Amino acid sequence: MNAPLPLEVARGAPFQAYDAVAGASNEVAGRLAQRLATETQGEVLFSPADRGRYSTDASIYQVTPIGVFVPRHADEVKIAIDICRELKVPIVPRGGGTSQCGQTVGAGLVIDHSRHVRSILSFDAEKRTALVEPGIVLDHLNLGLKKAGLWYPVDVSTSAQATLGGMAGNNSCGSRSIAYGNMVHNVLGAQAWTADGQLHDFGLFEQSSGRAREIGERVRQMAIELAPQIDANWPKVLRRVAGYNLDIFRNQSERPYTSDGSVNLAHLLIGSEGTLALTRSLMLQLAELPRAKVLGVVNFPTFYQAMDSAQHIVKLGDGTLTAVELVDRTMIDLALQNPAFAPVVRTALTGSPAAILLVEFSGASRAELEPKLAQLEELMGDLGLPGSVVRMADEAPQKNLWEVRKAGLNIMMSLKGDGKPVSFIEDCAVPLEHLAEYTDSLTQVFRKHGSKGTWYAHASVGTLHVRPILDMRREGAAKMRAIAEEASELVRKHKGAYSGEHGDGLCRGEWIEWQFGPQINEAFRRIKQLFDPAALLSPQRIVDAPKMDDTRLMRFPPSYRVIPLAPVLDWTPWDVQNNPATEEIGAPGSGGDPAHGFAKAVEMCNNNGHCRKFDAGTMCPSYRVTRDEKHLTRGRANTLRLALSGQLGADGIASQEVRDALDLCVGCKGCKRDCPTGVDMAKMKVEFLHHYKARHGFTLKDRLVGRLPDYAHLAARFAGLVNRRNASPLMKRLGERLAGLSARRSLPQWKQQHFFNTAHAGATRAQALSAANAVVLFVDTFNGYFESDNAAAALRVLQAAGYLVHVASKERPDGRHLCCGRTYLSSGMVDQAKAKAAELVQSLLPFARRGVAIVGLEPSCLLTLRDEALAMGLGEAAQAVAGQALLFEEFLAREAKAGRLEPLKARLAPLDKRVLLHGHCHQKAFGAVSPVMEVLRLVPGVEPELIDSSCCGMAGSFGYEADHYDVSMQMAELNLLPAVRKYPGAIVVADGTSCRHQIQDGADRPAVHAAVLLARQLAA
Ligand SMILES: Cc1cc2nc3c(=O)[nH]c(=O)nc-3n(C[C@H](O)[C@H](O)[C@H](O)COP(=O)(O)OP(=O)(O)OC[C@H]3O[C@@H](n4cnc5c(N)ncnc54)[C@H](O)[C@@H]3O)c2cc1C
Ligand code: SF4
Ligand code: SF4
């Protein structure tokens, strides 16, 4: 790895930056940074942390770039090319960075197109074409095309992250490639800069001119000269993405490049992995969106039969067959273990199959497609498997099953321990008639090497994904080489393609000569020289590539070490090793992690980029508003990994770099729910804050926020005085200057009379411990002091439902309320948080032991009991309490299902109003939103509408902080506030204190806790 450069180039300060760099070891890097900063408006990221964040992609590799450039607009790419050429700095273009083979890691200037260079430049519905910039994400493009009934049909699994430039770079292929082909079959033209800074139009060869024509002529000549070698060595399968597409002049694929046999020079760039030119725009061929789809799920008694049948099934289509996808037994079992997926999978199974194939037909109408399912059934009968097809003609079950297919892979990737499923032969493609024999033989190879593989994906085109489990820190590289050698022999035997979907990169470059032979390999070298004689663009990829098992290029080389760390939370469940053959994991704490599991939890991020999503309701809100790799779950996990392993300097986790990366993390737990490998950045932020604050001390704001539960009783007593702050511009300004609390925010209002000093008709501890119908109501600081009406409403509703309610109290009352420790956690006062949580747990334990439900109102407080409290070393007591801790609506929904809420339902008056619900992030993370919907429906006439929102942006104290105010409002404006404004007369329900505050601040509308809505409807 390169030595880190000690600079961060701030815009507006290029000369200081230059000075800093000039004194540093890498003078060229300094000049590069300085010139980019002065000659462009783009972001110039040369700090060690930035370079580290761009040193990896979804592969096993890591190479630190010299720096990163994020152009503001397309033409700045040309400026960067010119500067790099003059300074002789290589360029590594990048989109979403989801490549699996190391295509986007390299020791040059990484140019990230995904942030700004992402427009649809033109669109022609009649011709079904779109001209796009390379940084646009596939799903975003398709969203724009949907209204016109069109889509771009190269449906890669990473459609929510993959950019069209990256897809072109890799010649990507989707699940439906049997119908639509690969990327190369759907590109009509490209405009691209070669390394000399010249912009060229690459299109139909016959119509080309200038340098593009010249290049075309030379490549054509090579194809003519090498005709015998091309015919002999070139894989004939559709899924071949290795090398350069020299065969555009002599097609070898079962699907020709163009339907009319013409030659398109843009196709030379597709699959060239950024080594020939940098794409400025792509002209895409669009397709009509299928109006109907039907699915037949074929159940097979053996894996072999599934593989053997694929060749027959694909003949059924008549142009309507769009996918044949495999799910093997391991994945079926994984899905059956998941409560959400099990019912879906069961609908697809007949008995206990060894594998299933998802066979999809698409067309104009369902009526037209249903006979295809009958044909499939007939075929399977002929193949000796009558009754093996489960028909799915309706859209919803189909969609659910496709989701399971995707999630199965995610569960597989979440394996804990150093052994991980590694992608390096995961997309070899073989002709369908050999598929059964190939998969069988490869399974035996894995077994021989003490590993196993789970098979899935594209049976229709002979590209089955499989990843053996390897430990790259130990003997993984050697095993990888051995398995690759044997797999390659099988690919050769079956006349397949070694690189069939995910590209060459660092992983498969060395296999190009093996696949094509020395003469074609030499022709590839000449093509590279034609385009890029100085080897400026992604050098040593495709041509002269390094060895796949060169551990110096790996993220976890044998020399990888973690700085010892004593974590404040319990991370031992991650501190394990696994058995690659059985996938069994060891006991917590046995993994040998010097950071006791924290480093291994961080290392679970495999950089797949799934967090670069933009759907509302999912991770990651700070990325959605910034589009900045630093403010993304992946960027944060990478920063932590680099810091923990000493790659960002001696400060380790307590460094400024980690602070900067975690600064905008709102702790929403979106990643805990959505990240395929379970990266829980909210919890990691708590761990970080503990170490950072221990080193750097607490600020006034930390103390004000963290200790709020401690001084709340005093503040309430002086409510009149404290509340003046909201009406006094001077006090607001002072608050901002001294404590960092934004002057643009109102603060919650204190009340002298609040829930904790008001008599209420709750039961005593003793009464509740001896009653059969007891419930404990845990009233948190916020609902107790600021919004007492919520606590009173909850008490009233629970009592009206017939429960004996005890308001959680200390065993030995001391005049203070119980607290979960949430504010301390978010301020980095983890030891104090532990003390608070321990006290709460002890107080609640007798109830938990008796099976009494512990009901809470504020999601972030109650759910602390089910989450962080379990990692605080509080032992079995915390587990017992967590087992009984329920949100108000979770409890009521459970009771309603048990038929115990009839008395309450009878008392609820109808409501004739639109009701909107905004789910708190932690409710979403714990699947606790649907109970709120169910409970609101108890009110006659109410059909709640769930706002499709992500984090509200307030996130505890985050949105109150001056530094975060703007980002906080941007988060709210993404979906939540527009949805609230759309229906001025609607009742807005939000259970989170800070969510309600944000809605009031941003939309000038009150929002209520569900308990309040129910209490209002209680007839007197
Ligand atoms: C979980 C998972 C599932 C996947 N599923 C699929 C799948 O179904 N099908 C599939 O084909 N792939 C799949 N991939 C691989 C990857 O997602 C795709 O290849 C994707 O298209 C890459 O897009 P990207 O924007 O991330 O490109 P990147 O990884 O950023 O770049 C890809 C290549 O394009 C080059 N490049 C980027 N921008 C430019 C430009 N402007 N000019 C020139 N070159 C450029 C890069 O240098 C690199 O060589 C998967 C990956 C993961 C992690
Ligand atoms: S944080 Fe999770 S979703 Fe994001 S890249 Fe890492 S593993 Fe993937
Ligand atoms: S907790 Fe939320 S903001 Fe933080 S990384 Fe995860 S999804 Fe992003």
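This is a predicted model: local features need pLDDT of at least 70, side-chain atom pairs count only at pLDDT 80 or more; totals for chains, interfaces and linings use all residues.
A polar contact is a pair of N or O atoms within 3.5 Å. A polar side-chain atom of Ser-172 lies 2.8 Å from an oxygen atom of ligand 1, and a polar side-chain atom of Asn-170 is placed 2.9 Å from an oxygen atom of the ligand. For Ser-99, an N or O atom of the side chain is 2.6 Å from a ligand oxygen. Taken alone, ligand 1 exposes 980 Å², of which the protein buries 96%.

Which elements give two or more residues to the shell around ligand 1? They are β3 (91–94), α6 (164–170) and β10 (278–285). Helix α6 gives the most, with five residues. The shell holds 33 residues in total, and those that come nearest are Pro-93, Gly-95, Thr-98, Ser-99 and Cys-173. Sorted by class, 21 residues of the shell are polar, nine are nonpolar and three are charged.

Another part of the model contains an open sheet of four strands in the order β21-β20-β22-β23, with parallel pairing. Its edge strands, β21 (804–807) and β23 (885–887), each pair on one side only. On average, neighbouring strands are turned by 35 degrees against each other, direction ignored.

Strand β20 (residues 774–778) runs parallel to β21 and is joined to it by four bridges; Ala-774 has Leu-804 of β21 as its bridge partner. Helix α33 (residues 788–800) packs on the sheet and touches β20 and β21, its direction making about 170 degrees with that of β20. Helix α35 (residues 830–849) also packs on the sheet, touching β20, β21 and β22 (853–856), and its direction makes about 165 degrees with that of β20.

Notes:
Residues are numbered from 1 along each chain as its sequence is written. Chains are lettered from A and ligands numbered from 1 in the order in which they are written. Side-chain values use heavy atoms; hydrogens and water are left out. Two strands pair if DSSP finds at least two bridges between them. Axes are lines fitted to C-alpha atoms, for helices over the stretch in contact, and angles run from 0 to 180 degrees between N-to-C directions. Contact means heavy atoms within 4.5 Å. A residue is near a molecule or strand if one of its heavy atoms lies within 4 Å of it. A polar contact is a pair of N or O atoms within 3.5 Å; within protein, one must be able to donate a hydrogen and the other to accept it, and residues adjacent in sequence count only if both atoms are side-chain atoms. Accessible areas come from the Shrake-Rupley method with a 1.4 Å probe; for residues, only the protein chains shown count as cover. Ala, Val, Leu, Ile, Met, Phe, Trp, Tyr, Cys and Pro count as nonpolar, Asp, Glu, Lys and Arg as charged, and the others, Gly among them, as polar.
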